[in-house]
Amino acid sequence: MNKTRNLALQMLEEDEWLASAQNDDNETGLHILARKTADFTTHQAPWNLRNLIMGSIVKPTTPLIKLVRKLWTILFMNHTDKRLRELISLPTQVTFDATKLGNFNFVAELMRSDPDLMWEVDGKNRSIIHIAVLHRDSSIFNLIHEIGAIKDLIVTFEDSENNYMLHHAAKLAPSTQLKRISGPALQMTHELLWFEEVEKIMLPSHKEVENSHGKTPRALFDEEHKELLTDGTSWTKDTAKNCMLVSALIATGVFTATFNLPGGRNSTTGTPTYLTQPSFLTFAIADAIAMISSSASILMFLSILNSSYAEDNYFRSLPFKLLFGLVAQFVSITSMMIAFAVSFFITYYHGSNWVPIFISVLAFMPILFFRLVLFPLWTDIIHSSYFCLTLFRPKKRMLY
């Protein structure tokens, strides 16, 4: 394994020409590696550097971060600054290729080796931070917090249409990024988070500047997200209505069960027949929890339906309300099935015990199914609304 990992590095040491070799598209090894995002964290079969450069690409086992470092060192040592810039900027700029695809490890390694690359701009005068904002890559965007005073200069860059960085945050994210989050309402929440995060690093005088089309960042945001806001409103209403209907059915069922006790009542005293059994206490508690949680879920989804669908509401209250309502609904369904299983067991445990035990266990299957169905939505709510905030607060420095 160690031998195969070191193969590419050994080839570079034996023939440093490979570092600047170009394929038919005038791309160097760095251009190819800039686009290999997944391979920076995986280990696969041996590969050949010459084939990588010339086009016959085989997936690598060697830690690519070491290879990038070696390629860059050879280029830096063996070429003038002008020639070096040509190699990494033609036919495309390697740092921008990597940024568009979210290849953070590649970008960070080059920035550690040559911090001046942070000043590099594309044909529209955009830095890699601007591109990271456009493509919603928080890892690369966070590098701006590690470059000191340079940050205050980079945020002043204007592109060819007089767009500042906040204008780029106001543009609708690429569809590939939006599709990672289910539901247009949560997508809208994520977009608002990005806009507000970028707004924090902007100079006050640049927050309301108009671009060449006469649009301030906020006006551009409203224009770009108009359709998403409409879709989000519709999605929210439909989701709330459907979930409220489910909760209402649960509340009706458990309310009825409260007065139709398993085993009935004593004809003389009117007390429940199985009142003294521990299983009956379990039924009573589960039924009560189901009733309370389903009612809470109904009220929460009702508040969503009655909410104002202004943009700020998406960011501040909608994610919490959705998450609370769904969790309450899950608790109500779980409690309802527990109450049903206990009630079934109490009523039919006479005779063949395996039948009520089997049915009682089988009653928990809908709980697992419901969890599997809702888990992706729970994850998206947490990620797009809460966990997303931690992405803008890196725990450790990545450059120096």
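**A buried alanine and its surroundings**

Reply: Gladly! Let us start with A240, which sits in helix α16 (residues 226–259). Helices here are DSSP runs of H or I with at least four residues, strands are runs of E with at least two, and both are numbered from the N terminus. This is a predicted model: local features need pLDDT of at least 70, side-chain atom pairs count only at pLDDT 80 or more, and totals for chains, interfaces and linings use all residues. Residues are numbered from 1 along each chain as its sequence is written, and side-chain values use heavy atoms, with hydrogens and water left out.

Me: Why is A240 called buried?

Reply: Buried means under 20% relative accessible area, exposed over 50%, and partly exposed in between (1.4 Å probe, protein chains only). A240 has 0% relative accessibility, so it counts as buried.

Me: Which residues is A240 in contact with, leaving aside neighbours within four places in sequence?

Reply: They are F301, I304 and L305, where contact means heavy atoms within 4.5 Å.

Me: What makes α14 mostly covered?

Reply: Of the 18 residues in α14, 15 are buried. For the chain, 46% of the 400 residues count as buried.

Me: What makes L281, I285, I289, V327 and V331 a nonpolar patch?

Reply: Such a patch takes residues with over 30% relative accessible area and no salt bridge, joining nonpolar side chains (Val, Leu, Ile, Met, Phe, Trp, Tyr) within 5 Å and like charges within 9 Å. A salt bridge puts a side-chain nitrogen of Lys or Arg within 4 Å of a carboxyl oxygen of Asp or Glu. Together these five surface residues have about 390 Å² of accessible area, by the Shrake-Rupley method with a 1.4 Å probe, where for residues only the protein chains shown count as cover. Helices α17 (278–305) and α19 (318–348) each give two or more residues, and α17 has the largest share, 3 residues.

Me: Where does the name "transmembrane region" come from?

Reply: It comes from an unreviewed UniProt entry, whose annotated residues include 281–302 and 322–348. Positions follow the numbering used here, feature names are shortened, and annotations may be inferred rather than shown by experiment. In the model, residues 281–302 are 100% helix, and residues 322–348 are also 100% helix.
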